[in-house]
Amino acid sequence: MPLCAAAVSAIHLHQLRQRMKGIIMSNNSQAKPERVEHLGIIGAGAIGQAIAKQAVRAGLKVTLSNSRGPESLAGTVDSLGPNARAGSVRDAAAADIVVLSVNWAQLPSALADLPPWNGRIVIDATNPVIQPGFQLAELGGRNSSQVVTDMLPGARLVKSFNTLLAAVLASDPGQAGGKRVVFLSGDDAAAKSTVEQLIDRLGFAGIDLGSLAVGGKLQQFPGGPLPALNLIKLPA
């Protein structure tokens, strides 16, 4: 199946994983995932709404937030259905898992004055893009998720859901008899196990790329090789 058709064979996916052999460092098989019933999303742009749509479809409760306040999201949550509600950023940050999907330049203000994270899981779906021109933000020699980690002291950060285009992420993850691939990386095995379970519940196939230092670099846009790569994992 041609790559431009947004699917690869199981053999092609196996070859991709073989090329990554040696950098996929973690195995979450022994990590017990946490129960997730409520997803909080900070940032209600196209990516945030796409994740919310998939979460509601999977039966999760979703709190969607943005910088303009809950009233600005009334139409959005109405279209998502009764499992979605609009809330403040603080409301979203209190969910079982929090998804961060704001524009890079707005990160400091979006995360200001939030309560301590106390070991809770944050999914980093951001990309270090400066507009106009899709320029790479200054990261001080690190990748973006390492920078975001410093903004979230006490959180367990997992990088995920940032490589697919919003329209693709919002579409049916079941394709061509398989599941659309979502990459993840992180430094906490239990957090990654929980996020991988969430990915599966949403209908996607998760591929663990290892640590933030390694996987975060592969996932980063601009700069990494994986953004916009639309893969389908077929049954073995």
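1. What is the volume of the largest pocket? In this predicted model, the largest pocket has a volume of about 950 Å³, and of the 38 residues that line the largest pocket, the closest to its centre are Gly-45, Ser-101, Val-102, Asn-103 and Trp-104.

2. Several secondary-structure elements take part in the lining of the largest pocket, and α2 (46-57), α4 (89-93), α5 (107-110) and β6 (129-130) each supply at least two residues. Among the contributors, α2 gives the most to this lining, with three residues.

3. At the start of α8, a side-chain oxygen of Asp-188 reaches to within 3.1 Å of the backbone nitrogen of Ala-190, while α8 is followed by Gly-203, whose phi is positive, near 100°.

4. Which residues of α8 are buried? In α8, the buried residues are Ala-191, Lys-192, Ser-193, Thr-194, Val-195, Leu-198 and Ile-199, a list that includes a lysine, Lys-192. An α-helix has 3.6 residues a turn, so residues three or four places apart point the same way.

5. As for the surroundings of the helix, the buried residues of α8 pack against the strands β1 (38-42), β4 (97-100), β5 (121-124), β8 (156-160), β10 (178-186) and β11 (205-208).

Notes. Residues are numbered from 1 along each chain as its sequence is written. This is a predicted model: local features need pLDDT of at least 70, side-chain atom pairs count only at pLDDT 80 or more; totals for chains, interfaces and linings use all residues. Side-chain values use heavy atoms; hydrogens and water are left out. On a 1 Å grid over the protein atoms alone, a cavity is a set of points where a 1.4 Å probe fits but cannot get out, and a pocket is an open set with protein on both sides within 12 Å along at least five of seven lines; lining residues have an atom within 4 Å of a point. Grid points are joined across faces, edges and corners, and a volume is the space filled by probe spheres set on the points. Helices (H or I, at least four residues) and strands (E, at least two) are DSSP runs, numbered from the N terminus. Buried means under 20% relative accessible area, exposed over 50%, partly exposed in between (1.4 Å probe, protein chains only). Contact means heavy atoms within 4.5 Å. A polar contact is a pair of N or O atoms within 3.5 Å; within protein, one must be able to donate a hydrogen and the other to accept it, and residues adjacent in sequence count only if both atoms are side-chain atoms.
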